[in-house]
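Thanks for coming, everyone. I'll keep this short. Please take a look at the structure before I start talking.

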Amino acid sequence: MSSVPKGDYDGIRAEVKKILKRPGYDDGSIGPVLVRLAWHASGTYSAKEKNGGSNGAGMRFAPESSDGANAGLEFAREFIDPIHAANPWISYADLWTLAGATAVEAMGGPKIPWKPGRTDFASEVAATEYRGNIDNRLPDAALGAQHIRDVFYRMGFNDQEIVALSGAHNLGRCHADRSGFDGPWVVNPIRFSNQYFKLLLTRKWVPRKWDGPFQYEAIVAGTRLMMLPTDIALIEDPVFRPWVEKYAADQALLFKDFAAAFGKLLELGVDRDGTGVAHLVKGGGCPFAAAAGAGAARPANHPPVAAKARL
Ligand code: HEM
């Protein structure tokens with residue numbers, strides 16, 4: 001692992017690319033689990049409560065670190081730690097999100113918009129004090145369309161963005177010892193494409209008969225592929241389905257829309273000041289940001305962030 005000069009984020013991207021290939025781990029790449037780390041770090045955001053999101057890198061500490069929804073992400077955090085050890089100038093929150101963006105690109109996907117500036121919680125005590133209550137914010141794969149909307153609308157996404165983001169299930173697999181579900185969605189799960197959407201529409205997905213949670217399966221080219229109940233909800237829901245059809249027919253459109261939606265996800269709750277630094281605020285929220293709306297620039301009348309509120 002090399003040290004790169006402070007502020008050289010392209011250098012960090014290069015370091016991430018160096019560690020992606022890992023023979024013997026899953027399908028030979030840690031890219032998918034890095035994408036899931038970036039998503040779970042960011043997907044706790046609430047646009048209403050103005051807390052959660054990637055700023056702080058709270059998943060290093062309980063209760064996020066031991067949350068069942070994050071099972072398996074301890075491996076992603078361990079894989080990426082040596083890059084932080086060699087480059088302690090980068091925040092974990094920036095590193096995790098940049099690693100997810102880089103992994104998508106390196107696996108053949110689109111370039112993801114990404115900006116630095118996130119700050120880390122200094123300790124578990126600080127995380128507890130500053131984070132606010134973000135329990136149970138990640139989606140439950142056993143549920144349906146209404147639940148998906150509840151979770152993603154809370155973050156500020158619309159139906160089209162929900163379907164575009166779900167395209168990430170073209171990558172990686174489910175692990176019986178992590179989520180309980182089992183198997184990959186596509187035949188080549190370390191290459192980003194629109195296969196997931198094509199397969200959703202063209203295969204007959206039947207309930208798997210097994211001693212595990214309810215999921216769907218289809219055998220494709222001799223490989224047992226899977227879909228979660230939430231994946232199947234995308235073709236059963238009349239508003240989600242036309243987007244599945246569009247993305248199955250047009251990979252360039254998926255790449256454009258996925259890049260925009262994933263870039264937006266990584267930005268949730270990252271409220272930078274004029275110097276580009278996203279300070280941490282108690283309760284995770286900023287009343288000015290709440291009034292101005294998600295993603296709005298810090299208003300001119302925003303008071304200086306109190307030194308004691310900075311970490
Ligand atoms: C309704 C929304 C979603 C649900 C219910 C869901 C559920 C799941 C589940 C159960 C797993 C398997 C975890 C394991 O056993 O290792 C998984 C894996 C994964 N998810 Fe999602 N997910 C959702 C949305 C997303 C989004 C928005 C992204 C990224 C933009 C994403 C990216 C991934 C990736 C890359 C993996 C594979 C991880 C690996 O191979 O280790 N998911 N998801």
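Let's begin with F214. Its relative accessibility is 46%, so F214 counts as partly exposed. Keep in mind that this is a predicted model.

Now its partner, Y216. Here the relative accessible area is 16%, which is under the 20% cut-off, so Y216 is buried. How do the rings of F214 and Y216 sit, stacked or edge-to-face? Their centres are 5.1 Å apart. Their planes meet at 85°, and over 60 counts as edge-to-face, so that is what this pair is.

That pair belongs to a longer list. The count of aromatic pairs comes to 13. There is also an aromatic cluster, made up of F192, F255, F258 and F262.

Next, charges over rings. R149 lies over the face of F240, and the distance to the ring centre is 4.1 Å. R208 does likewise with W210, at 4.2 Å from the ring centre.

On to the largest pocket. How much space lies in it? About 960 Å³. Its lining has 40 residues. Which of them are closest to the centre? Those are R36, W39, H40, H169 and L228.

What is the lining made of? By residue type, 24 are nonpolar, 9 are polar and 7 are charged.

Which elements supply it? At least two residues come from each of α2 (31–42), α6 (145–155), α7 (159–166), β1 (173–174), α9 (229–236) and α11 (251–267). Of these, α2 gives the most, with 6 residues.

Look at the domains too. Domain 1 covers 9–139 + 262–309, and domain 2 covers 145–260. The lining of the largest pocket draws at least three residues from each of them.

Last stop, L280. Where is L280 found? It is in the loop between α11 and α12 (287–292). L280 and A126 are 154 residues apart along the chain. Their C-alpha atoms are separated by 9.8 Å.

To recap, we had the edge-to-face pair of F214 and Y216. We had a largest pocket lined from domain 1 and domain 2. Over to you for questions.

Methods:
Residues are numbered from 1 along each chain as its sequence is written. This is a predicted model: local features need pLDDT of at least 70, side-chain atom pairs count only at pLDDT 80 or more; totals for chains, interfaces and linings use all residues. Side-chain values use heavy atoms; hydrogens and water are left out. On a 1 Å grid over the protein atoms alone, a cavity is a set of points where a 1.4 Å probe fits but cannot get out, and a pocket is an open set with protein on both sides within 12 Å along at least five of seven lines; lining residues have an atom within 4 Å of a point. Grid points are joined across faces, edges and corners, and a volume is the space filled by probe spheres set on the points. Helices (H or I, at least four residues) and strands (E, at least two) are DSSP runs, numbered from the N terminus. Ala, Val, Leu, Ile, Met, Phe, Trp, Tyr, Cys and Pro count as nonpolar, Asp, Glu, Lys and Arg as charged, and the others, Gly among them, as polar. Domain bounds come from an automatic or database domain assignment. Rings of Phe, Tyr and Trp (its six-membered ring) pair if their centres lie within 6.5 Å; planes under 30 degrees apart count as stacked, over 60 as edge-to-face and the rest as tilted. Buried means under 20% relative accessible area, exposed over 50%, partly exposed in between (1.4 Å probe, protein chains only). A charge sits over a ring if NZ of Lys or CZ of Arg is within 6 Å of the ring centre and within 35 degrees of the ring normal.
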